Structures are given as C-alpha cells and as structure tokens.
Amino acid sequence: MTDANLLLFLLLLPFAGSVAASLLPSNARNAEAWLSGLISVTAFAITAFLYPSVKNGGVVRREAEWLPELGVNFTLRMDGFGWMFSVLITGIGLLVVIYARYYMSPKDPVPRFFSFLLAFMGAMQGLVISGNLIVLAIFWELTSIVSFLLIGYWHHNQAARDGARMALTITGIGGLALLVGLMILGHIVGSYDLDVVLASGDLIRNHDLYTPALILILLGALTKSAQFPFHFWLPNAMAAPTPVSAYLHSATMVKAGVFLLARLWPVLSGTDEWFFIVGLTGMTTLTLGAFYAIFQQDLKGLLAYSTISHLGLITTLLSLGSPLAAVAAIFHMMNHATFKASLFMAAGIIDHEAGTRDMRRLSGLFSFLPITATLAMVASAAMAGVPLLNGFLSKEMFFAETLEKHHGSILDGLAPYAATLAGAFAVTYSVRFIHTVFFGPKPVDLPKIPHEPPHWMRLPIELLVLICLIVGMVPSITVGPYLHTAVVAVLGSETPEYSLAVWHGFNTPLVMSVIALVGGILLYFALNNYLATCEDGTPFLRNLKGQRIFERILVTISWRWARWIEANLGTRRLQPQLRLVVLAAFVAGLWPLFQAGFRPQNVSFDGLDPTFAAFWAVGIVCAIGAAYQAKYHRLAALILMGGAGIVTCITFIWFSAPDLAVTQLVVEVVTTVLILLGLRWLPQRLEEVDNAVTPMARMRRHRDFALALVCGVGMTMIAYAMMTSPMPDTIADFFLDRAYSEGGGTNVVNVILVDFRAFDTFGEITVLGIVALTVFALLRRFRPAPDSVGVPEQQRIQNLIDDERPDREVGSTVRDYLMVPSILMQWMFPVIILLAAYLFLRGHDLPGGGFAAGVTMAIGFLLQYLAGGTRWVEDRLRILPVRWIGVGLLAAAFTGLGAWLFGMPFLTSYFQYTEIPFIGKVPTASALLFDLGVFALVVGATVLMLIAIAHQSVRSYRVRAVEAAKVEEDA
Amino acid sequence: MELVLSIGIGVLVASGVWLLLRPRTYQVIIGLSLLGYAVNLFIFSMGRLKTNAAPVVQGVDVVDPANFADPIPQALVLTAIVIGFATTALFLVVLLAARGFTGTDHVDGREPER
C-alpha cells in the first residue's frame with residue numbers, strides 16, 4: 001500500500017514542483033535550480049526505494065476509479081521496465097537541472113523554463129508508469145504539449161516557433177492515431193487495463209482489427225521516436241535550449257515511442273505486419289539517419305540525426321521479434337540515453353563557450369577545453385561503438401541479432417549489411433564531431449574566446465561518461481541486475497539467456513565491428529575536405545526534405561484550400577448569406593408541415609370576431625407599410641411598425657395574456673424611443689437620388705419578394721395547423737395547480753418567472769445586463785459620420801426664425817419647442833414611479849411584475865430626458881444605471897443564495913402572507929426580492945442603453961465645437 | 001380567429017423577411033422587429049387561443065386547468081419581449097457604429113459596385 005502511494009507521489013511531485021517553479025521571480029536562477037534539483041533527487045530516491053518491489057518481475061499497482069463506466073481507471077503501474085525509465089527520467093532529469101542552472105543566461109525567464117521542465121518530467125513519469133491505455137495516451141499527449149512549449153521557449157526566435165509547431169503537429173497527429181489505436185486495442189481485449197492487455201497477446205494478434213490497431217499505434221510510436229519518414233521534426237526541435245535537447249530529444253521523450261513498442265512488444269510483435277512495417281522503418285531510419293548525420297554542419301544537428309539513427313537501431317531490434325533482440329533494444333535504450341545526453345551537454349558547452357555550433361568555424365578547441373574535449377571523446381567513442389564502452393556492448397548484440405535468420409525475407413538478408421553500413425557511418429560522424437571541433441588549427445574569429453565552463457556545468461557530463469565507462473568495462477556486475485529487471489518485466493517467461501560480457505571471442509559481429517570502425521575512419525578522411533567547406537545538408541538528398549514536404553502540405557491545407565473555399569463558396573456580402581439562412585429555415589419549416597399532413601380543406605372562419613379581424617386588418621396594413629417605407633421614410637416605417645406592435649399587444653389582451661400585453665406595451669414605447677434616437681445618425685436618403693434600378697437589382701428584388709411571400713404563406717400554414725390541432729398534455733397543468741400552493745402567488749406567469757423557472761430568468765437578466773453594457777461600451781468609441789455631425793435641419797430652421805426676428809434670441813425657439821408636453825412629462829414623473837411600484841408589487845398575484853415595472857420605471861426617466869434634454873436632467877438627477885444593473889444582479893443572486901442558508905438548492909423560494917396595518921394581508925415571498933432584482937436590472941439596462949444613445953448628441957456638440965475651432969485656426 | 005391570427009403572423013413574417021434581405025441597415029432592423037412580433041405571437045399561440053381565461057388563479061381553490069390559458073408560452077414570450085428590445089438596441093448601436101466607421105448604411109459596410 002505504501003509503495004502504491006509512493007507511486008502517486010512520484011507522479012504528482014514534479015507537477016507540484018512545476019506550479020511552484022512558475023511562481024518564483026524571474027531572476028531566481030538559483031532558487032529554481034535548487035527547487036527542481038530537490039524534486040529530481042526526491043523522485044530519484046523514491047524510484048530507488050521502489051526497486052525491491054519491482055525486482056524479479058514484481059509490479060507495484062495503484063488503482064483509482066476515474067470513469068469506471070467506460071472502463072477507464074486512473075491506474076498507475078510500475079514494473080521493472082517502467083522502473084528503468086523512471087531512473088532515466090529522474091536521474092538524467094537531475095543532471096539536466098544542474099547543467100541548465102549554468103547554461104541558462106541570467107536574462108532568460110527561468111521560471112518558465114524550470115516549470116516546463118518539471119512538468120515534462122511529470123508527464124514522462126506518468127507515461128512510463130501508466131497502467132491504463134487511456135491514461136497512457138493522455139500522458140503521451142502531455143509530453144507532446146510540454147515538448148512544444150520547451151522547444152518554443154525562446155519564442156522570439158522564428159526557428160524555435162517553427163520547430164515547436166512542427167514537433168507538435170507531427171507528434172500530435174501521431175498521438176491522435178495512437179489514441180484511436182489504443183482504443184481499438186482496448187476494444188479487442190475488452191479492457192484498457194495494461195495487465196489485462198499484456199496477457200491477451202494471442203487474442204490481439206488473431207483479431208480482425210489487429211492490422212488497423214497496429215498501424216495506428218505504430219503511427220503514434222514512430223512519429224514520437226522521429227522514425228523515417230517522420231524524422232524531420234527532431235532536427236528542427238534543436239532550436240530548443242540545449243538542456244531540453246539533452247533531456248527530451250535524446251534521453252527521454254523520443255524514447256517514448258520505442259518505450260511503447262517495447263511495452264506492447266509481447267502482444268503486438270511476431271507477426272509479418274509487425275516485422276515489415278517496423279523493420280523497414282527501423283532499418284531505413286538507421287542508415288539514412290546516420291548518413292544524414294555525417295553531413296550536418298550544426299553540432300546539434302549532427303547529434304539529432306545520430307539520435308534518429310540510434311532510435312532506428314532500437315526499432316530494428318524490436319522488429320525482429322526475437323527475445324534476445326528485445327534485450328538488446330532495452331539495453332541500447334539505456335546506453336544511448338547516457339552517451340547522447342552527455343554529448344548534447346558537451347555540444348551545449350561548446351556553443352556556450354565558443355559562441356557557435358557551426359563545425360566549419362570550430363576547430364582546435366582541445367587546448368581551450370581539454371577536460372570537456374576528453375569527456376566528449378569518450379562519449380562519442382561510445383556512440384561509435386568502440387570496445388570497452390557501453391555503446392559497444394549493445395551494438396555487438398545488435399550485429400549478432402541481424403545475423404540471425406528470423407523470417408527469411410530480403411529484409412533479413414539485407415539487415416547485416418545495413419547494420420554494418422550504419423555502424424560505419426556512426427563511426428564517421430563520431431570521428432568528425434571530435435576531429436573537427438577539437439583538433440586541427442586554432443580557431444579564427446570565434447565570437448568568444450572559449451575556456452572551461454564552471455565545474456558544476458561539467459559535472460553531469462562527467463557522471464554520464466563515467467557510467468559509459470563502467471558499464472562498458474564491467475557490465476554484468478554494474479548494470480546487469482537492473483537490465484535483467486527491465487527485461488523480465490517485458491519478456492516475462494520468454495526471457496532468454498544472454499551474457500553481458502565484453503569479449504565473446506572472434507565471431508562475425510566482431511568482424512562487422514572492425515569493418516565498421518575501419519571503414520568509418522577511412523570514409524571520414526575521404527570526405528574530410530568536402531565536409532570542411534560544404535553547405536549544411538546531405539548531398540543528393542538536400543532537396544528531399546521532409547520539412548519542405550510537411551510545410552507544403554500545411555500550406556496547401558490551411559491556406560490554399562481555405563482560400564479556395566472562401567473564394568469560391570464564401571461571400572463577404574450579408575444579403576446572400578441571409579438569403580441562404582432564410583431559405584434553409586423555409587425548407588426546415590416545410591418538411592414537418594407536410595410530414596404532419598397539413599390539410600387545407602380544414603380551413604374555416606368559425607368564431608370569427610369582426611372587431612378582431614379589423615384590428616388585424618390594421619396590423620397587416622401597418623406591417624406591409626413598414627416594409628414598403630423602411631428605405632426612404634424611416635419615421636413613417638417606425639410608426640407603422642409601432643402600429644403592428646400595438647396590434648400584437650391587443651392580440652395578447654384578447655387571448656388572455658395580460659402580462660404580455662403590459663410588457664409589450666411598455667417595451668413598444670422604449671423601442672420606439674430607441675430607434676427615434678438612432679434615426680438622427682442615419683444618412684439622408686432621398687427617393688429621387690437613386691432611382692436607377694439595374695436589371696440585376698430588379699431581379700434580386702423579385703427573388704426576395706418571392707422568398708418573403710413563400711415564407712409568409714408557409715408560416716401562416718404552420719401557425720394555422722398548429723393552432724387548430726388538439727392540445728396535447730402539457731406541463732401547464734402542473735404550474736397552474738401549484739402556483740399558489742407552492743409559489744405563493746396567483747399570477748401563474750409571474751410565479752413561473754420568479755419561482756419555478758427563476759434560474760432561467762436569472763440567466764435572462766444576466767444576458768440583458770451584458771447586452772446593455774455592450775451597447776454602452778460600443779458607444780464609447782462611437783464616431784458619427786461626418787454628414788450627421790451638423791445641427792439637425794429642424795433646429796436650423798428654428799434658429800433661422802430667431803435670426804429673422806429682432807425680438808427673439810437665437811435658440812429660444814428650440815428651447816420652447818413642445819413646451820406644454822414637456823411640462824406635462826415632468827409632472828408625470830412621480831406618477832409613473834408610482835405606476836411602476838404598483839405594477840411591481842401586484843406582480844406576484846395580478847398582471848405586472850419586475851419586467852413590466854422595470855421598463856415602466858425606465859420610461860419615467862426617459863420622459864425626463866425627452867422633456868428637459870440631457871443636460872437639464874443630469875443637472876438635477878443622478879441616475880447610475882450601471883449600479884442599478886449590478887444591484888439587480890446581486891439582489892437576484894443573493895436571493896437565490898439565501899436558500900443555501902436553509903440547506904435548500906439555489907433559488908428555492910419561501911413565502912408567507914404578512915399582515916401590515918392599514919394595508920392588509922400582503923404576500924411576502926422571497927420571490928418578491930428576486931423580482932426586485934429583475935426590476936432593478938431591467939431599469940438599469942434600459943436606461944443605460946437609451947441614455948448612452950441619447951448622450952451622443954451631447955458629444956456631437958463637442959465634435960462641432962472642435963471642428964469650428966479648427967476652421968477658425970485655419971482661417 | 002385562428003385563421004386571422006395565422007394570416008397576421010404570415011404577413012408579419014413576409015414583411016420581416018423582405019426587409020431582412022434589403023441592403024440598408026435600417027430596413028434590416030425594422031424587419032427584425034417585425035419578425036420578432038411574429039415569432040412571439042407564434043410561440044404564444046402554441047398555448048392555443050382562449051378568451052377570458054388569464055392564468056391568474058383564485059387563491060386556495062382547486063384549479064381546473066381547462067379554465068385557464070397556458071401560462072408557459074406566456075412566460076417564455078414575456079422574457080423574449082424584453083430580450084428582443086435589448087437585441088434591437090444592440091443592433092441599432094452596431095449599425096450606428098458601422099455607419100460612423102464606414103460612412104455608409106449598407107449592410108456590407110460599403111456601397112455595392114454598380
């Protein structure tokens with residue numbers, strides 16, 4: 001149990017550290033390094049402590065229910081193989097932290113760096129100890145995302161951004177494929193639990209879905225491990241800081257792909273599909289990667305391609321399907337991590353000290369950096385597979401395995417030659433790395449004079465190189481038991497006999513090694529002159545860059561196709577778009593009408609009331625008139641629209657909806673005022689000016705008219721069909737029945753709004769508040785069109801009258817205009833407030849309520865603006881609509897929250913009747929408080945919108961004043 | 001009665017759709033308001049048409065739902081009316097701002113090419 005909890009702690013620790021690291025100040029390099037270092041040490045110690053539990057095929061499991069109904073549990077599971085990776089992640093993580101402390105410049109924002117680095121450590125840790133396929137896929141994606149953030153760490157650098165995006169796109173697509181593949185795998189097995197999956201090898205291999213699952217999983221693994229043809233993201237990821245390259249792109253993250261291949265090796269391998277896909281990819285990557293590596297001029301580029309090649313080696317080993325090859329693969333994962341991480345760090349030191357990583361400029365650095373040079377030499381000898389170093393051991397095993405006949409195909413026959421060739425290439429680029437950088441003439445015009453780095457920066461390399469040496473010399477007593485633990489965890493009962501000796505006698509693998517060594521050195525000296533000056537990149541294959549193909553695909557999909565679709569299928573014009581929307585709505589409405597079987601013969605004029613018909617005759621005339629006049633006679637259209645509104649209002653009264661009628665009436669008033677205020681800012685449009693109607697425009701009108709007509713007829717039919725069909729059972733009965741007994745009110749509509757469905761109402765008033773604030777915000781940046789800034793025509797005429805008569809002052813006509821109505825409006829102010837209060841208070845029992853009362857109250861304020869003008873009102877009355885909105889929302893929210901005090905759900909209401917002297921029994925429901933919130937918000941929102949628009953005239957005075965001043969200045 | 005209201009709704013929809021497809025912003029705003037009336041009436045009429053049956057119950061008595069109009073469409077429409085006003089205001093402001101920025105009241109923000 002403790003072990004299991006330690007596992008969770010091991011996973012959570014780096015993430016907690018990541019959060020903590022992000023909170024430190026940006027110059028706290030030491031604090032960050034200490035924090036990250038301590039976390040890595042602790043994690044390493046936990047891993048070491050867990051060793052006894054995983055030794056000899058032991059497994060530590062911790063299971064927590066997450067989505068049990070989907071078979072997804074948050075299972076953590078550490079076996080020997082996961083343990084080995086945990087050691088790599090935490091151990092190399094620690095070394096990278098120490099190295100990064102000295103690598104990062106004081107100018108770099110280190111909290112971000114260490115935070116991401118720790119997050120990566122956690123993600124990778126989660127990946128290797130996932131006990132559930134879905135959890136594994138999640139951590140897999142997480143490593144891709146953190147890798148993206150780390151590659152793009154120097155985001156001011158274009159190459160870093162491009163590299164990060166490319167890595168994310170490739171590994172992200174792979175991750176998606178992997179998720180689907182793992183889901184298919186889970187479907188085949190019937191469980192996502194890793195233990196169950198690992199025990200169902202035969203079932204999986206014989207299933208019809210094996211091939212699709214395999215291909216999808218391989219897509220994930222091969223993209224992650226930068227295998228051909230997806231390898232090109234890794235060299236581009238070298239734009240990351242070097243500690244990141246050392247950690248993610250050599251030791252850990254790129255190993256995730258081969259980790260997964262090895263993890264699922266027992267259940268997926270051994271088939272022809274596996275061998276051909278994995279083997280072909282692995283061998284191609286092995287040789288091509290090594291070949292590319294020779295021709296890189298960037299130190300990190302060389303190491304990146306070398307990493308690709310070594311990962312290809314591991315992939316090839318895993319493809320073979322023999323247990324011994326799997327042992328070699330696991331062994332090489334460890335060895336490669338140690339020597340490659342140290343080489344990356346050495347490259348970082350060279351870059352740091354010399355100021356460049358270009359091998360054409362570097363030379364003869366041995367005298368400047370003797371210790372670093374020696375360390376790098378040992379590490380690259382390990383990379384080249386020189387005896388007495390760890391790289392040699394796994395490479396010998398690899399050579400031996402390629403000689404074995406496994407399937408008897410061409411691929412098998414080629415394997416030893418490909419392996420020897422790649423081995424020779426590896427020797428060539430390793431020699432090149434050392435010879436070019438450290439030997440030869442003294443360097444000229446380097447950006448900096450190099451000298452040995454601080455000892456602590458070199459320490460991680462020293463440790464890693466020491467491991468390379470010890471493992472290389474006495475493998476069986478050092479790494480032997482740990483390797484065995486990892487191997488047993490993967491292979492179980494299939495674990496073969498293997499020996500980790502340095503000397504196996506004179507045999508073919510040794511001959512291959514010798515050929516590779518000698519051939520590689522000869523090749524280097526043959527190419528030496530060419531390499532010293534050549535362009536960056538591989539000869540012959542320079543133009544065949546995965547990167548370019550990738551970018552071309554990206555451009556084609558995200559830009560060219562998008563542009564084509566926009567150009568050919570899209571329009572920026574609103575009218576065609578609206579036409580399509582209307583047409584779609586029409587078709588959508590037509591369908592159910594005929595599905596439901598509309599029968600026009602049922603039409604009857606039964607119960608026709610002539611008065612009602614007359615009202616609607618007026619309404620129809622108004623609607624058509626508004627449509628006809630809206631272009632040239634805006635005021636007339638507005639009045640006609642109001643007429644249609646009034647008829648709507650009467651319809652509500654007629655058919656027993658007094659609440660609606662009241663609300664419609666007051667809203668009609670404010671809408672009219674609103675649009676009236678807007679009219680002033682619209683351009684003059686005179687009928688005779690644009691009479692030239694083109695045939696196209698005429699056709700458009702006919703088409704629109706037809707569309708409008710069919711929509712209208714269709715709507716009539718639907719409405720009639722709906723109204724004459726029998727009423728089904730509805731929930732209305734429920735509300736009618738309980739409005740009084742449970743809501744404490746007799747006006748059912750109001751009880752629904754403020755009690756039964758109060759949460760909906762709460763949402764609606766929130767929307768109302770947001771809209772009002774948006775209107776307000778939009779108008780703050782309002783700039784009227786130039787032709788609307790001048791004094792309105794009517795005022796100009798009125799001022800002209802004043803000018804003509806000596807007894808009148810200019811402006812007095814404007815002031816006295818509509819004086820009697822103005823005074824009436826001012827007198828009405830208290831009356832309207834009273835009316836609003838009345839509507840509000842009776843709302844729960846009789847028609848009225850917060851909405852209607854709020855709009856009424858707003859009309860009260862509005863009339864004062866109309867009567868006295870903006871300035872007159874604001875000199876006398878301070879209205880703070882935003883506060884009304886805030887108070888309203890808070891009142892509604894707190895009324896709802898109040899229910900919590902009594903242990904009831906949000907917005908549960910309470911009511912009783914209180915006896916107030918002289919007035920009588922008054923309903924006091926908590927819903928009344930809620931309605932008060934609605935009321936305040938509606939007042940605030942309405943007033944805010946209307947006043948904001950009205951205020952624009954005041955601002956245009958200012959604009960006019962400024963322009964007048966300008967004209968004077970010019971004169 | 002139903003027929004008259006249906007025709008009324010139809011005419012409101014036709015006028016609204018016609019205006020919606022016009023090129024000037026003011027026409028669109030009037031069109032949207034007319035469509036708003038139509039939609040509100042349509043939703044309201046889903047509770048069927050009843051006269052003298054306002055959903056105001058008489059206190060403690062046992063309620064016979066047959067005697068009352070359906071309160072649910074009414075509650076829906078009531079908030080729709082207020083929200084409709086708010087969106088009209090929003091649209092008006094957007095059109096005014098667009099007119100200020102672009103100098104035209106065409107819905108596309110520029111005069112069509114002739």
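Predicted model: local features only at pLDDT ≥ 70, side-chain atom pairs only at ≥ 80, totals over all residues.
## The interface between chains A and B

The contact draws on 82 residues of chain B and 113 residues of chain A. Together the two chains bury about 8800 Å². Carbon and sulfur atoms carry 78% of that area. On the chain B side, Met1(B), Tyr26(B) and Phe85(B) supply 9% of the area buried against chain A.

Three helices of chain B each supply at least two residues of the side that touches chain A: α1 (2-20), α2 (25-45) and α3 (71-102). The largest share comes from α3(B), with 24 residues. By type, the residues on this side of chain B divide into 55 nonpolar, 16 polar and eleven charged.

## Salt bridges between the chains

Side chains of opposite charge can pair when their charged atoms come close. Between chain B and chain A the count is three salt bridges. One of them joins Asp704(A) to Arg22(B), with the closest N and O atoms 2.3 Å apart. Asp704(A) sits in helix α30 (residues 695-724) of chain A, and Arg22(B) in the loop between α1 and α2 of chain B, so this pair joins two chains. Both Asp704(A) and Arg22(B) are buried.

Arg634(A) forms a salt bridge with Asp105(B). Here the closest N and O atoms are 3.5 Å apart.

## Salt bridges within chain A

Over all chains the count comes to 20 salt bridges. In one, Asp79(A) meets Arg263(A) at 2.3 Å, N to O. Asp79(A) lies in the loop between β2 (72-78) and α4 (80-103) of chain A, while Arg263(A) lies in helix α13 (residues 255-263), so the pair ties together parts 184 residues apart in sequence. Are these two residues buried or exposed? Asp79(A) counts as buried because its relative accessibility is 2%, under the 20% cut-off. Arg263(A) counts as buried too, at 3%. Both residues also belong to a network of salt bridges that share partners. Its members are Arg61(A), Glu63(A), Arg77(A), Asp79(A), Asp193(A), Asp195(A) and Arg263(A).

Asp202(A) and Arg205(A) form another salt bridge, with the closest N and O atoms 3.2 Å apart. Both lie in helix α9 (residues 201-205) of chain A. They are three residues apart, about one turn of the helix. Asp202(A) is exposed, at 54% relative accessibility. Arg205(A) is partly exposed, at 23%.

## Nonpolar cores

In soluble globular proteins, nonpolar side chains tend to be buried together. The largest nonpolar core in this model holds 193 residues. Which of them touch the most other members? They are Phe81(A), Trp233(A) and Leu268(A). Helix α17 (residues 323-354) of chain A gives the most to this core, with 20 residues.

Trp233(A) has a list of contacts beyond its sequence neighbours, leaving out residues up to four places away. Among them are Met166(A), Ala167(A), Ile170(A), Met253(A) and Val254(A). Lys224(A) and His249(A) are also among the residues that Trp233(A) touches. A second, separate core has 120 residues. It includes Leu638(A), Met715(A) and Val749(A) from chain A, and Leu41(B) from chain B.

## Two residues to look at

Asn335(A) lies in helix α17 of chain A. Its relative accessible area is 3%, so Asn335(A) is buried. A polar contact of 3.0 Å joins its side chain to that of Ser394(A). Not counting residues up to four places away in sequence, Asn335(A) touches Asn390(A), Ser394(A) and Val471(A).

Pro106(A) lies in the loop between α4 and α5 (110-128) of chain A. Its relative accessible area is 59%, so Pro106(A) is exposed. The C-alpha atoms of Pro106(A) and Arg29(A) are separated by 7.3 Å. Along the chain, Pro106(A) and Arg29(A) are 77 residues apart.

How values were computed. Residues numbered from 1 in each chain as written. Chains lettered and ligands numbered in written order. Heavy atoms only, no water. Contact = heavy atoms within 4.5 Å. Buried area = accessible area lost by both parts, 1.4 Å probe. Salt bridge = Lys/Arg side-chain N within 4 Å of Asp/Glu carboxyl O. Helix = DSSP H or I, 4+ residues; strand = E, 2+ residues; numbered from the N terminus. Nonpolar A, V, L, I, M, F, W, Y, C, P; charged D, E, K, R; others polar. Buried < 20%, exposed > 50% of the residue type's maximum accessible area, 1.4 Å probe, protein only. Core = buried A, V, L, I, M, F, W, Y, C linked by side-chain atoms within 4.5 Å. Polar contact = N/O pair within 3.5 Å; in protein donor to acceptor, adjacent residues only side chain to side chain.
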